[in-house]
Every structure is written in structure tokens, then in C-alpha cells.
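Here is a friendly walk through one structure, going from its core to its helix packing and then to its backbone details. Have the coordinates open as you read.

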Amino acid sequence: MSIDLAVIKNLGGDHLDLPFWEGARRGELLLHRCGICGKHYWPASRCVEHGGTDMAWVPASGRGTVHTYTIMHHAYAPRMAPHVPYCVAVLKLEEGPFFHTNIVDCPMEGIHVGLEVAVRFEEDEVSGLTLPVFAPVA
Amino acid sequence: MRGRFAIAALGLTEQGIRLGRSDRDLRGDAVERALREAGLERDAIDGYIHCWGEREDLRYLGLSPNFSWALSCGGATPTAGILAAIGMIEAGQAEMVACVYGIAPTSGYIPGVPDLKSIGAHSYGYPSLYGMMGAASAHALHARRHMHLFGTTSEQLGAVAVTQRAYAAVRPGTTGYGKPITLADHQGSPMIVDPFRRLDCCRDTDGGVAILVCKADRARQLSPNPVYILGAGMGQNIANWHKGIPYDHHDNIAPAKARAFAQAGITLADVDMAQLYDPFTISVIMQLEAYGFAPEGHGGPFVAEGGNGPDGPIPTNTAGGQLSGFYATGFTPIIEAIVQLRGQAGAGQLKKADIALCSGHGLNAGVQNSWNHATLLLGNQP
């Protein structure tokens, strides 16, 4: 089944982000990379130095560290209702970009700035997307 | 810039929870009050800037200006609206511009949003997939960084809540009037979006505001106490996003501050009060640092020692701000600056109230989490 563009648009994205979500469905984490300077971006972007002339989606390592986070004590999304309290973290991925995600398989009190994490993938029945989520590196 | 333009009138409706009036009705009321204060007929308004976005105000308000704009950069919109008004006056397009705001979220009315239940995902984008919605979570990410970098504590956040509630407790018309709180109340309030407890968060209120912006000489004809625009500036935190440090900054305040103070020809020492945009307690701490009232990283101890209180070096949010007063977007700081500069704050009147620093902040995006920031310097002399 293809990714529903309407879902992506409702989340503030557009067709330029489709390769990312198709990659996630295959179990691959992709980032948008400038071929001129090698800087990585997420989601689809124009390079702040070089514009859009040589941007391409490339595989990422799938590792990062927690840059900042919050613990939500109310379910603001239906998907999260069974998981309250849950953590929304902003990771600094190994390649540089920030990435919002959930930290899974980790007690809330174990989450801290600098925690090293690695990607895994979860199906989201509400959006129909496969979501990259992250768990602490063993 | 300094002193060439002024706010000739303020129209302020009741502000509170579940007023049972529509947003448009509140805007209409605010405009009527501003016209009455200035002694003007409605045809004097030849420019209308709606500081949000709705299209049918003019018919309902009985206005017929040369232009009507919807302007939207969140809580920075009121200052952006004042700047746009000045631009139109300078360009010879208008002489008396109304900048108007009014929402009634607790009565079911937000302009342009027929279904209040639908608003969450729209502005929070991809992070909403992970259950991140709402302004509290977006600001919590900055609060957590500040705690990590500088050791800021929940008790220090609580000091902001307690001090601002003390201001509101003696100010009729605020949500916190007659209801002081203690630090123990703050620490005992439930965790909502870590590290924010309920008392770290402002809540939505209903209300309308209108200000009339014109050239200073016209304002002097209309008002015994015009409030002068001394300087203004804006910044966008996307600059810090590109540098990889957006969460270490509440906003990109430096360029906004620099431009506003250069226009006004003043320094921080000339400022008598700070009226800061404060949806959450961390906002006060981080802005006091960014403006230079407290050294970087010392905003927590500064507020814990009462630095933002009535007898501190910089009285801040002297009617309780958004946290304990009411949430009228970026108008909350501007309203209190006008009240203080005119000497109309009653029991809460500051001894010295000649120059006010106001801030606004808004229109964040989901992933980039960057806001516009607005600095506005107001004075009771040109």
C-alpha cells in the first residue's frame, strides 16, 4: 500500500517527504543530504548554504542522542493513550539533524539528555505510517 | 522612529474564562471602547489590522477603512501589527489604524477554527505523530535544556508563578485576583508536561483588545496620556535552528532587542519594567537572561530571589502576565505597559513607570519549533 499523501500534508509535509516515509515502511531511516557540502537535513529541506540543487535522500546510521525531551502526562494523541506517561524526545541524530520521536523500552526515570539511542520501527494504525521510534543502546 | 508614533487609545473588554460571548463580539466591543476613549467616530478608523485572521469583521463592526488585513505571527502579531500600522501611515495609506484582537476559546470561538477539537495536529506537524501537541510540550523542550545546561529547578520555575500571582492577586480583572499561591501550591500541582506542572502553565481566556495607532501629534490631540512607540524589533529562532541550538534559546532575541533599543536610543538601565510574553514559567527566566536583566544561566536564582518582583531590579509582568492575569496573546504585555505608563495600575502601580519593555513570541512550526520574537519599547514621553 502506498503512503497516503493527504496524511503527510495534514502533518505539514508534502510530496518531497514521501521517500522518507516509504523508507520507514521498509525499515530504513533516511535523511535528506546536500551533495555539495554533505550536510544532512530532516524533513525535506533546501541546504542553508547551497539551496536545492543537489539534495537527495540517503540512508542514516539510525543512532543518535537525546538532545532534549518532555514527559507527557496526558494522551494528546489517541495512539499514545495506553502509554501515558510517555516521552517525546528531540534527538540529535549522528549525522546532525534533530528528530522528534518517542523513547521506547526505557523507564521514564532512565531518560536524560545525552542518552544514546538507536532506531526501531513501529506501525501506527491511526496515520497508517511506519514510525521510527528509538530505544536506548544496550 | 522614537516618539513619532503613538497609541492614542486602548479598548479593553472583560478578560476571563467562559464569558459566553463570541470572538467577533469581543472585537466589536474592544473597538467601541477604543473609539469612545479617543472621542472618535467609527469613520476615523481608516486602517484595520486583525491580529489573527477572520474576514467578516468590518461588516459586523460597521467600519469602512481603506484596508483590512489579517496578520498572523502568533503572539508576536500585536507588535507586528503596530509596525505594519506605522508602515501604512508612513506610506500615506492611512492615518488611524486599529490593531484588533479577540478570541473566545473557552466559549467555543477561535477565529477561523470552526471545530476546536481539530486544531492540535495542524500546527504541530510530524511531532504530533508521537503524541506531541500543544504549546506546553513545545516550550517544555526549551525548559528541559535550560535545566540540563544550568541546573534550573522546578522550584525556580515556581518562583515565577508565585511572584506573578502576587501581582495578579491585587489587580482586579485578572484571573488570579484575590487568589495568591505559595511555592508549596506550585510544587503540589500536578505534572502536566514535564517539567511543567499545572501552575507553570497559563490557560486560555476570552477577551477583546483594540489599540489605535497614529502619528504622535494626532495622539496628543486625542488623549491626555498617549503612549509613545520608542522602538521595535523582530527576530526568528530559525537562525538558531540552522546553528543547531534552537532549544538553548527561547527565541532569537538578540536582533530584536538590538534594533528596538537602537531605535529608542536607550539602554537596559533606562527600562522601568519588563512585560514579557509568558505562556509558561520558563519563558520569563529565559527572556530575563536573553535581554540581559540576569546573566546567562542565572535566571532561575534571579527569580528565586525576587528579581522580577515589585521591589526587584526589574519588575516583570506586573499584572500577573499570561500566567495569572489573562491570555490576550502578545497584547497581554502591551496592555499592562499602557496601564503602568499611564499611571492607572492602582495598588499595583510602580513607583517609576516611564519606559516599558514588551515582548511577543509566536507562530511556531512543528518540526523546526522556532518562533518569531518581537520587542516593543513604549514610553509615556516621546
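This is a predicted model. The largest nonpolar core holds 154 residues, and those that touch the most other members are A:W21, A:I103, B:F331 and B:L378. Two of these residues are described next.

**Core residues**

Take A:I103 to begin with. Leaving aside neighbours within four places in sequence, A:I103 is in contact with A:V66, A:C87, A:A89, A:L91, A:I111, A:V117, A:F134 and A:P136.

In chain B, B:L378 belongs to strand β11, which spans residues 372-379. B:L378 has a relative accessibility of 0% and so counts as buried. Beyond the four places on either side in sequence, the contacts of B:L378 include B:I7, B:I334, B:A337 and B:L341. B:V227, B:Y228, B:I229 and B:L230 also touch B:L378, as do B:D354, B:I355, B:A356 and B:C358. For a sense of scale, the C-alpha atoms of B:L378 and B:L129 are 42 Å apart, with 249 residues of sequence separation.

Two packed helices are described by the angle between their axes and the distance between the axes.

| Helix pair | Angle | Axis distance |
|---|---|---|
| α5(B) (residues 135-150) and α11(B) (residues 281-291) | about 60° | 10 Å |
| α6(B) (residues 154-169) and α11(B) | roughly 100° | within 8 Å |

How are α6(B) and α11(B) oriented to each other? Their axes cross at roughly 100°, and the two helices are therefore roughly perpendicular. On the α6(B) side the contact is made by B:Q156, B:L157, B:V160, B:A161 and B:Q164, and on the α11(B) side by B:T281, B:I282, B:V284 and B:I285. By class, the residues of this contact are six nonpolar, three polar and no charged.

Now to the other pair. α5(B) and α11(B) pack at an angle of about 60°, so α5(B) is oblique to α11(B). The crossing of α5(B) and α11(B) is left-handed. From α5(B), the residues B:H139, B:H142, B:A143 and B:H146 take part, and they meet B:I282, B:S283, B:I285, B:M286 and B:E289 of α11(B). The residues in this contact of α5(B) with α11(B) comprise four nonpolar, four polar and one charged.

B:T281 lies in helix α11 of chain B and has a relative accessible area of 0%, so B:T281 is buried. Setting aside sequence neighbours within four places, B:T281 is in contact with B:L157, B:V160, B:A161, B:F196, B:L199, B:D200 and B:L323.

**Backbone details**

In chain A, the bond from A:W42 to A:P43 is cis, with omega near -10°. A:P43 sits in the loop between β2 (40-41) and β3 (55-59) of chain A. In chain B, a cis peptide bond joins B:D194 and B:P195, with omega about 10°. B:P195 is in the loop between β5 (191-194) and β6 (196-197) of chain B.

Positive phi values come next. A:D105 has phi near 55°, a positive value in a residue other than glycine. A:D105 is placed in the loop between β6 (98-102) and β7 (116-123) of chain A. Is A:D105 buried or exposed? With a relative accessible area of 63%, A:D105 is exposed.

B:N317 likewise has phi near 55°, and B:N317 is a residue other than glycine. B:N317 lies in the loop between α12 (299-304) and α13 (321-325) of chain B. The relative accessible area of B:N317 is 1%, so B:N317 is buried.

B:T318 is found in the loop between α12 and α13 of chain B, and at 1% relative accessibility B:T318 counts as buried. Which residues does B:T318 contact, leaving aside neighbours within four places in sequence? They are B:Y167, B:R171, B:Q275, B:E336, B:Q340 and B:L350.

B:G188 is in helix α7 (residues 183-188) of chain B, and at 60% relative accessibility B:G188 counts as exposed. The C-alpha atoms of B:G188 and B:G176 are separated by 18 Å, and the two residues are 12 residues apart along the chain.

Note on methods. Residues are numbered from 1 along each chain as its sequence is written. Chains are lettered from A and ligands numbered from 1 in the order in which they are written. This is a predicted model: local features need pLDDT of at least 70, side-chain atom pairs count only at pLDDT 80 or more; totals for chains, interfaces and linings use all residues. Side-chain values use heavy atoms; hydrogens and water are left out. Axes are lines fitted to C-alpha atoms, for helices over the stretch in contact, and angles run from 0 to 180 degrees between N-to-C directions. Helices (H or I, at least four residues) and strands (E, at least two) are DSSP runs, numbered from the N terminus. Angles under 35 degrees count as roughly parallel, over 145 as roughly antiparallel, 65 to 115 as roughly perpendicular and the rest as oblique. A crossing is left-handed if the near helix is turned anticlockwise from the far one by less than a right angle, and right-handed if clockwise. Contact means heavy atoms within 4.5 Å. Ala, Val, Leu, Ile, Met, Phe, Trp, Tyr, Cys and Pro count as nonpolar, Asp, Glu, Lys and Arg as charged, and the others, Gly among them, as polar. A nonpolar core is a set of buried Ala, Val, Leu, Ile, Met, Phe, Trp, Tyr and Cys residues joined through side-chain atoms within 4.5 Å. Buried means under 20% relative accessible area, exposed over 50%, partly exposed in between (1.4 Å probe, protein chains only).
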